[in-house]
Amino acid sequence: MHCVMNDVTRILNAMERGDVKATDELLPILYEELRLLAAQKLTKESPRQTLQPTALVHEAYLRLLGDQGQTWQSRGHFFAAAAEAMRRILIENARRKHRLKRDRNQERVDLQDAEPAVNGPCDDLLALDEAIEKLARIDKVKADLVKLRFFAGLTGEQAAQILGISHNTADRYWAYARSWLHVEITKGDGSERG
Amino acid sequence: MSDERAIDEEAVFSAAIAIDEAGKQLAYLRQACGGDTALLARVEALLRVHASKTSFIERVADSLQLTIDVPLMVEGPGTVIDRYKLLEKIGEGGMAVVYMAEQQEPIHRKVALKIIKLGMDTRQVIARFEAERQALALMDHPSIAKVLDAGATETGRPYFVMELVTGVSITEYCDKNNLSTKDRLALFLQVCHAVQHAHQKGIIHRDLKPSNVMVTHHDGQPIPKVIDFGIAKATNQRLTEKTLFTRYAHIIGTPAYMSPEQAELSDLDVDTRSDIYSLGVLLYELLTGTTPFSEEDLRKAGYIEMQRVIREEEPAKPSTRLSSLGETLTDVAKRRSSTPDLLRKAIRGELDWIVMKALEKDRTRRYDSSSALLADVKRYLDREPVLAGPPTAWYRTRKFVQRHGALVTVVVFVAATVVVGLGISMALYLRAERARDGEAVARAETQAVTDFLTKDLLASVYPEKARNQEVTVRYILESAARDLDEKFANSPLAEAQVRETLGRTYQKMGDYEAAKPHLERAWEIRREQFGEEHPATLASLNLLGMLYSNWGRYEQAEPLLARALDLRRRVLGEEHPDTLESMSDLAWQYMCEARFEEGMVLATRALERGRRVLGEEDPIVLRAMNALAAGYVTVMRYAEAQSLAGQGYEISRRVLGEEHETTLLLANVLAWACESGGRPDAAAELAARTVEIGRRIVGEEHLITIWAMSNLGAAYLKQGRREEAAPLLTRAFELAAQVGGPDHAGTVLFGLRLAILYRVQERWAEHEALLIQLAEASRRTHGEEHPQTGYIKYWLQMRIEQLTSVYREQEKSGDSQGAATTFGRLEELRRAYTGDSETQKSKVEGPR
C-alpha cells in the first residue's frame with residue numbers, strides 16, 4: 001500500500017529470512033530518512049531548535065512502519081540499523097563541528113553549544129564513539145546494547161528483547177559497559193570526571 | 001588488556017555490584033582479585049563510576065542535540081554564481097529561492113536563477129538535468145519559460161537558470177482582475193497548449209501548480225507562462241536509488257496538486273497523465289478558488305493518511321464545493337465577476353464533468369492527453385457537447401438546443417428527456433409493430449415520430465420560432481402537444497406513444513393536471529387500436545393509475561391499478577413481469593391509503609414471485625422490496641424493515657451500483673429503518689454516505705438527497721448531536737417543501753423530525769406552529785387514520801398536556817393575562833388535534 005513502508009518492510013522480511021545483503025539496503029534508507037526528518041524539522045521550525053536524536057529514531061520508526069504488527073525480530077533489525085544510521089549522522093555532525101572550530105576563518109554554521117570547554121560535546125561524542133568501537137572489538141553484544149540505548153533511545157528491556165538476552169543480563173551488561181566506557185575515555189585525563 | 005582479563009574483570013565487577021554492603025563488597029574484592037592489584041584498582045575505578053549518577057555516557061547523552069548539515073543560504077544580491085550575478089530575490093518557496101540575475105556572457109540578459117534550498121545530491125541533480133537538457137532545448141512555445149542552464153553554487157547546492165518571467169501566479173492574476181469563468185478558461189486553454197507542446201517533446205512537468213504557471217502581459221494580452229519544466233525531474237530521484245529524499249521533497253512541495261500515482265511515490269509510474277491530473281487541480285482551483293483537497297488538511301493528515309486521501313478519496317465536484325463554501329462563496333463569485341447562483345449554474349454540469357474526468361484516480365480514465373482536455377474545454381466554450389460526463393442523447397440534445405440560441409433554462413433538460421424517452425419507447429414499440437403489421441407500417445410510424453421530433457419538438461426552440469418567448473419545458477411541451485391528433489392522423493399508435501411520453505414528462509415535473517389528458521388519450525387510442533386487454537393497453541392503464549397515485553388522488557388510482565393488475569393476471573399470467581409490476585404498484589397504493597395489511601400481503605407476494613421468476617436482482621423485485629420495507633417502517637416493524645431494506649440495498653449496490661437511484665432509495669429506507677429502530681449509529685453512517693452520493697449524483701435539490709439529509713439529521717438527533725442535526729433537519733424540510741410541495745409525504749415526515757428537534761431545543765413557538773401545519777398536511781395527504789397523522793397527533797397531545805399544566809399554574813398564580821394567551825395556544829393545538837380547522841384549510845393552497 002505504501003511504498004516507502006513497503007520497502008522497509010520488505011527489507012526487514014528479507015533480513016528475517018536471513019538475507020544478509022538486505023542489511024546493506026536498509027542502512028542508507030534509514031540514514032536518509034533520519035537526515036531528512038532532521039533537516040525538515042530544522043529548516044521548517046526554528047533553526048535554533050534542539051532535536052533529540054533518539055526521539056527522531058522513534059519518529060522514523062512510526063513513519064516507516066507505523067502500527068503494523070512487526071515482530072520483535074524485525075523491530076530489532078530496524079532499530080539496530082537506525083542506531084547505526086543515527087550514530088553516523090551524529091558523528092559526521094560532530095566531526096564537522098570539530099573541523100569548524102579549528103578552522104577560525106570559517107564562520108560557525110550551526111553550533112548551538114554555549115560551552116567553550118575544550119572537551120565540548122562534539123569532542124565528547126567522538127571520544128565516546130571511539131570507546132564504543134573499542135568495546136565492540138572486545139564484546140560486541142555490550143557495544144550493540146550501548147548503541148541501541150544510546151543512539152536509538154531504547155529502554156534496557158527493549159534492547160534486551162532485540163538482542164535476545166534476558167532483562168537481568170542486559171542490566172548487568174549495561175552497568176559494566178557504562179562504567180567501562182567512562183574509565184576508558186577518562187583514563188588519559190589524569191582526573192576522573194563524573 | 002586481554003579478553004580473558006576483561007571477562008575476569010566483568011565477573012568480579014558484576015558480583016561486587018550485587019553486594020550492597022560496602023564492607024562486604026571490599027572483602028569480596030580483595031578475595032576475588034587475590035594479589036592482582038592492577039585488577040583490583042581497575043574494578044574499584046569501575047565501581048566508582050557505577051556508584052555515580054552521571055557517567056560520561058549520560059553527560060554526552062544530555063548534551064547531545066542534533067544539528068544537521070543545512071548550509072545557510074549565503075547567496076544574496078550581489079553574489080556571483082558562475083556567469084550569473086544575483087540582483088534581487090523574486091520568490092521563495094519551501095524548496096527553493098528564486099533570484100533575478102544578470103547573465104554576462106555569451107549574451108547579456110536578465111534571467112531567473114533558482115537555488116534549491118535543501119541539501120541534496122547536487123551532482124545527481126545536475127546529471128539528471130543534463131540528461132534531459134536536449135529534450136528541454138527542443139521546447140519552443142510562447143507559454144513555456146525555457147530552462148537555460150543548471151549548475152552548483154559554491155556551497156554545493158544545485159541551481160537552475162530560466163527565462164525570466166515577470167508576473168504573478170495564474171490564480172493570483174485571475175483573482176486580482178476579477179476574471180470571469182470564461183476568461184479563466186481561455187487562459188487555462190493556453191496552459192493546456194503549453195503542456196501539450198512539452199508532452200509532445202517527451203517532457204513531463206511533474207509539478208504543475210499555480211506558482212509554476214505565471215501570467216505576464218504581452219501587447220496588452222495576458223500570456224500564461226509555465227515555468228520549471230524539467231526541474232522536478234532533475235530534483236527527483238528514483239525509487240531504485242533507495243533514498244527517500246525525493247519523496248519528501250515532493251511532500252515538502254505541494255501535495256494538493258499531486259496525482260494519485262505520484263502519491264504512490266513510485267516514480268517509475270509517472271507519465272503525462274500525471275500532468276493532466278495536476279491540470280485538473282489547477283482548473284478546479286481557477287473555478288472554485290479551492291483545491292480538491294485542501295493543502296492544509298493534507299499536511300495535517302500526516303504522511304500516510306495524506307497518501308490515502310489522494311489515492312482513494314473522491315473530491316467534491318466543483319459546483320458542490322462552491323455550495324459548501326458558505327459565506328466565502330460571495331467573495332469567490334465576485335472575483336469571477338459573477339454571483340453565487342450564476343457561478344454555480346455555470347459550473348454545474350459540463351465543467352464539473354471536465355474537471356472530474358481530469359481528476360480520475362485511475363489515469364486510464366482521465367483525458368489521455370492535454371489536447372483532449374483542451375478540446376473539451378473548448379467544446380464547452382463553443383457550446384458543443386463535451387466528451388466528459390454522461391454522453392447521453394438527452395445531454396447532446398440539450399447542447400443542440402443551446403447552440404441554436406434559445407434561452408437556456410435548466411428545465412430544458414427535461415425537454416431533452418422527452419426526446420430520449422420517445423426514442424426508447426419507439427424502438428420497443430416498433431419491434432412489436434414490425435411483428436404485427438410488417439415493415440411498411442412500421443416505417444410510416446417511424447417517419448411520423450421522426451418528423452414530430454425534428455419539425456415540432458426541436459423546431460419549437462429554434463430562435464426564429466421562439467422569438468421573444470421564454471423557452472421553457474412547458475413551452476416546448478405545449479407547442480409539441482398542439483394539434484397532436486392532426487399531426488398523427490395516419491398513425492394513431494405513434495400518437496399514443498408520443499402522448500405517453502409527454503404524460504410521463506409532465507408527471508416528472510409534478511404537473512399531474514397536464515399529464516392527465518395525454519395519458520388518458522394514450523390509453524384510449526390503444527384500446528381502440530389494440531383492444532382492451534392488449535399488453536400495451538394495460539401498460540397505459542397502469543401508468544394512468546400511477547399518475548393518480550402520485551397525484552394523491554387515491555380514490556381514482558386504486559380502481560385503475562386494481563383493474564390493471566386483474567387484467568394483467570388474466571392476460572399475461574400470474575408471473576409475468578408486468579403482472580408483478582402491477583402487484584408492486586398496487587401494494588404501494590394500498591400503503592399510501594394506510595391499508596397496510598392488504599399492501600403488505602400484496603408486496604410480499606410480488607416479492608416472493610418476483611424472486612422466483614425474475615431473480616432477486618431484478619429491478620422490479622428491488623422496487624417491491626423497497627415498498628415492503630417502507631411499509632414495515634410505517635407500521636413500526638423495524639427489525640423486518642431493516643433486514644429487508646438491508647438485503648435490497650446490498651443487492652442493488654452490487655447489481656446496479658452504489659449510485660443508482662434504486663440503491664439510493666433503498667439506502668434511505670434502510671437508514672430510516674435503522675434510525676427508527678434504535679440504531680442511530682448505523683443510520684448516521686449510511687445516511688452520511690447517501691447524502692454525499694446524492695449531492696454528487698442528483699444534486700442537493702432532489703428528494704433522494706433531501707431524504708438522506710433528513711435521515712442524517714434524525715440520526716444525529718438520536719445520538720444527541722443537536723448542533724449537527726439542526727441545519728440538516730431544517731434544510732431537508734425547506735427543500736422538501738420547495739421540491740415536493742408542502743403536502744408531500746416526505747415534507748410531512750421531514751417536518752415532524754424538525755418539530756421534534758424544536759421540542760428538544762425548547763423552541764416552543766416554532767414547535768407548535770410546525771405541528772399544526774403538519775397535522776393539516778398529513779390529513780390532506782394521508783388521511784386521519786394514517787400512522788403518520790397519528791404520530792403528529794401524538795406530539796400534539798404531548799404539547800397539549802404540557803401547556804395544560806402551564807395554564808393551570810398561571811391560573812393558580814393569578815396570571816390571568818398569561819393564562820389567556822396559553823389558552824389561545826391550547827385551543828389552536830386542540831383544533832389541530834381533532835382536525836377541526838376548516839378555516840385554516842382554505843387558506844392553504846390545495847393540491848394542484
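## How two helices cross

Helix axes here are lines fitted to C-alpha atoms over the stretch in contact, with angles between N-to-C directions running from 0 to 180 degrees. Keep in mind that this is a predicted model. With that in hand, take α7(B), residues 181–200, and α11(B): their axes come within 11 Å and cross at roughly 165°. Angles over 145 degrees count as roughly antiparallel, so that's what α7(B) and α11(B) are to each other. The crossing in which α7(B) passes α11(B) is right-handed.

Which residues make the contact? From α7(B) come Thr181(B), Arg184(B), Phe188(B), Val191(B), Cys192(B), Val195(B) and His199(B), and they meet Thr272(B), Asp275(B), Leu279(B), Leu283(B), Leu286(B) and Leu287(B) of α11(B).

## A closer look at α11(B)

α11(B) covers residues 272–288, and at 1.5 Å a residue its 17 residues should span 24 Å; the end C-alpha atoms sit 25 Å apart, which agrees. Just past the helix, Gly289(B) adopts a positive phi of about 80°.

## The nonpolar cores

In soluble globular proteins, nonpolar side chains tend to be buried together. The largest nonpolar core in this model has 111 residues, and the members touching the most others are Ala587(B), Leu628(B), Ala629(B), Val669(B), Leu670(B) and Leu771(B). Leaving out residues up to four places away in sequence, Ala587(B) touches Gly599(B), Leu602(B), Ala603(B), Ala606(B) and Ala627(B).

Another core lies apart from that one, with 84 residues, among them Val147(B), Val191(B), Phe229(B) and Ile354(B). Val191(B) also turns up in the α7(B) list above.

Definitions and conventions: Residues numbered from 1 in each chain as written. Chains lettered and ligands numbered in written order. Predicted model: local features only at pLDDT ≥ 70, side-chain atom pairs only at ≥ 80, totals over all residues. Helix = DSSP H or I, 4+ residues; strand = E, 2+ residues; numbered from the N terminus. Expected span 1.5 Å × (residues − 1). Core = buried A, V, L, I, M, F, W, Y, C linked by C-beta atoms within 7 Å. Buried ≥ 20, exposed ≤ 12 C-beta atoms within 10 Å, placed from the backbone. Contact = placed C-beta atoms within 7 Å. Parallel < 35°, antiparallel > 145°, perpendicular 65-115°, else oblique. Left-handed = near helix turned anticlockwise from the far one by under 90°.
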